[in-house]
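Subject: Structure handover and notes

Dear colleague,

Please find the structure below, followed by my notes on what was found in it. I would be glad if you could read the notes with the structure open beside them.

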Number of protein chains: 2
Amino acid sequence: MSLNHYKPSLRALEVFESAARMGGFTSAGNELGITQSAVSRQVGDLEAMLDVKLFQRRGAHVTVTPTGMRLAERLAVALKDMRAAVSEAARSDGMVTLSMLPSVAAKWFAPRLGRFVTAHPQIDLRVSASRHLVDFGAEGVDAAIRYGRGPWPGLAAQKLATETVSPVCTPFYAEQVGLNEPADLIQATLLYGDIPEDWEAWFAVAGCTENVPPGPRLGDDAAILQAVLDHQGVALGRSRLIEDDLASGKLVTPFDIRLSASHAYWLVQPEIVEKSDAMLRVEDWVKAEFD
Amino acid sequence: MSLNHYKPSLRALEVFESAARMGGFTSAGNELGITQSAVSRQVGDLEAMLDVKLFQRRGAHVTVTPTGMRLAERLAVALKDMRAAVSEAARSDGMVTLSMLPSVAAKWFAPRLGRFVTAHPQIDLRVSASRHLVDFGAEGVDAAIRYGRGPWPGLAAQKLATETVSPVCTPFYAEQVGLNEPADLIQATLLYGDIPEDWEAWFAVAGCTENVPPGPRLGDDAAILQAVLDHQGVALGRSRLIEDDLASGKLVTPFDIRLSASHAYWLVQPEIVEKSDAMLRVEDWVKAEFD
DNA sequence: AAATTAGCATCAGATTAAATTATGAAGCAA
DNA sequence: TTGCTTCATAATTTAATCTGATGCTAATTT
């Protein structure tokens, strides 16, 4: 029956889609910059190949059949996607997208962004701040700064830095509650973050035998730091994220007792992918900034 | 800079996608049934056209760049869609898909299906039973039987039939409750359907001045008829949907008082689409069955 | 009814795109 | 080094696609 069993050229599909959308072969030819004759042949060949009527001919007019309509609609979507993907790819040269947690973006990256732009004006560096494990290919992300235990399957991970955690609060809050030694924390509001076990671990390191008082769990580290800045309580601050606020005096660490964090910062990238020049420079810069 | 600003041939994209997925030009060529050389050229031309590096070359090996990776992933999805659409279209010849409400499918269509198949063995008629207003193109539906006021914008609607509604219940239930005149319904459980106002309208037609008692609203007409068959109460039955159960004696209409329904049955199709022979025959059959 | 018009089909030939073959170079492994 | 694999490039061939002329059909106008 069908000799040439279906695997029509994409060109034929493209032409057909236009014909269906424009409602005629002449206007489709117009849109595509080819003649009516060419459109007619492509459509005819496609119909023969699929052994399906895509248009009903009646003299000077053609009308899509339901089958043709459905095919055309699906092709239209796919073609649009392809064109969008292509034009994005064409635009994305010299662009590097870095994914990281909102807290890292706000507290580590943002203060350094100005310096990066000065050092590398030709690189279009973008940050995608999100809390989920990013899908590099699908989301157009080139690399990620992750906070975790690493490594991750299928991904190349380079350890950037470890850090310590210690209680932080505002100077005002420390004085108000009277934080002189770890045991005074019993009187304070403890804010719990992404890794709630850390408070217990810190109390152990501090040699404090009292029960660890409970407190609100706000979830997002950026939100917790904001709460601390608002004099809401004491949180365990990650050394890499509180540098700035300590330097400016907005926050203080009332005790000099630090717990080594169980998680570290990593620079993560898909394994099979080749790094661009821009990417390599971003990578070097990130590593340098973490030292 | 870029002479041939982007509008690469779909073939080039197809070839590139394969190369990215297979991780090499030779194996891509293999997959596509062409030579390595052809792949190399397509990819090279594509890169030149977009002015983007899609692969990093190092002697005998190529590695996708992040940009290439992202492009390839998106193309892969689109190409898969296109191929699926094509092979579905090829398969869907002589097939007609009819959308209707589950209640209509169960009570009107199902009893007639055998007859249709006998009369038109060469037509592959499919029924899509759903309660939402179907999107013909996207869902691959050729026509719909709708119950409503019509017409609908962009759609060609032919009125099939009007109908009447009247209370129905099982003979057992009628006797148990003692349904002799409309006022006896006060003692019964009234089941409310998609158009709850109808009970009130029917009471008015019946000349019954009592307050209409409340009752459960089950929503789906098919569910309501099932509840009636289970001796759960009295519902307003649409004449077109209860024919069978009345004929078989499973249901009775205790009073011969009928309300003309505000809604009618319509055969609905997209306007711009050309009906196939199979579709025309289905259409004729549906109309005939509604008389 | 005849003429006109718009739009599609079809054919032979021209043009362009794509693929091939042959060859060279770059990396990698023994 | 010597193979071995794989990609790049160039010249050539092949295949796909397009064109232009012409004929056809159905609808519309005269």
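Ser166(A) touches Trp202(A), Ala235(A), Leu236(A), Gly237(A), Thr253(A), Ile257(A) and Arg258(A), leaving out residues up to four places away in sequence, where contact means heavy atoms within 4.5 Å. The residue sits in strand β7 (residues 164-168) of chain A; helices (H or I, at least four residues) and strands (E, at least two) are DSSP runs, numbered from the N terminus. Ser166(A) is buried, with a relative accessible area of 2%, on a scale where buried means under 20% relative accessible area, exposed over 50%, and partly exposed in between (1.4 Å probe, protein chains only).

Please bear in mind that this is a predicted model, in which local features need pLDDT of at least 70 and side-chain atom pairs count only at pLDDT 80 or more, whereas totals for chains, interfaces and linings use all residues. Residues are numbered from 1 along each chain as its sequence is written, chains are lettered from A and ligands numbered from 1 in the order in which they are written, and side-chain values use heavy atoms, with hydrogens and water left out.

Next, the contact between the two chains. In chain B, 43 residues are in contact with 43 residues of chain A, and the two chains bury about 4,000 Å² between them, 66% of it on carbon and sulfur atoms; buried area here is the accessible area (1.4 Å probe) that two parts lose on being put together, summed over both. On the side of chain B, Leu10(B), Met82(B) and Glu274(B) lose the most area to chain A, together 17% of what that side buries.

The rule finds 6 salt bridges across this interface, a salt bridge being a side-chain nitrogen of Lys or Arg within 4 Å of a carboxyl oxygen of Asp or Glu. Glu274(B) forms a salt bridge with Arg58(A), the closest N and O atoms being 3.2 Å apart. The elements that give two or more residues to the side of chain B that touches chain A are α1, β1, β2, α4 (66-91) and α6 (136-139) of chain B, and the largest share, 19 residues, comes from α4(B). By class, that side has 22 nonpolar, 8 polar and 13 charged residues, where Ala, Val, Leu, Ile, Met, Phe, Trp, Tyr, Cys and Pro count as nonpolar, Asp, Glu, Lys and Arg as charged, and the others, Gly among them, as polar.

Glu88(B) forms a salt bridge with Arg74(A), with 3.0 Å between the closest N and O atoms. Because Glu88(B) lies in helix α4 of chain B and Arg74(A) in helix α4 (residues 66-91) of chain A, the pair joins two chains. Glu88(B) is partly exposed at 31% relative accessibility, and Arg74(A) is partly exposed with a relative accessible area of 24%.

Two further residues touch the other chain. Glu14(A), in helix α1 (residues 10-22) of chain A, is buried at a relative accessible area of 14% and, leaving aside its neighbours within four places in sequence, is in contact with Leu79(A), Arg83(A) and Leu10(B). Asp93(B), found in the loop between α4 and β3 (95-100) of chain B, counts as partly exposed at 48% relative accessibility and touches Asp51(A) and Val52(A), not counting residues up to four places away in sequence.

Some salt bridges lie within a single helix. Glu283(A) pairs with Lys287(A), the closest N and O atoms being 3.5 Å apart, and both lie in helix α11 (residues 277-289) of chain A, 4 residues apart, about one turn of the helix. Glu283(A) is buried, with a relative accessible area of 5%, whereas Lys287(A) is partly exposed at 30%. In chain B, the side chains of Glu14(B) and Arg11(B) meet in a salt bridge (3.0 Å, N to O), and both residues lie in helix α1 of that chain, 3 residues apart.

Lastly, helix α2 (residues 25-32) of chain B has the buried residues Phe25(B), Ala28(B) and Gly29(B). They cover an arc of only 100° around the axis, which puts them on the same side of α2(B); the arc is that of the directions from the helix axis to the C-beta atoms. The face turned away from that buried side carries the exposed residues Thr26(B) and Asn30(B).

With best regards
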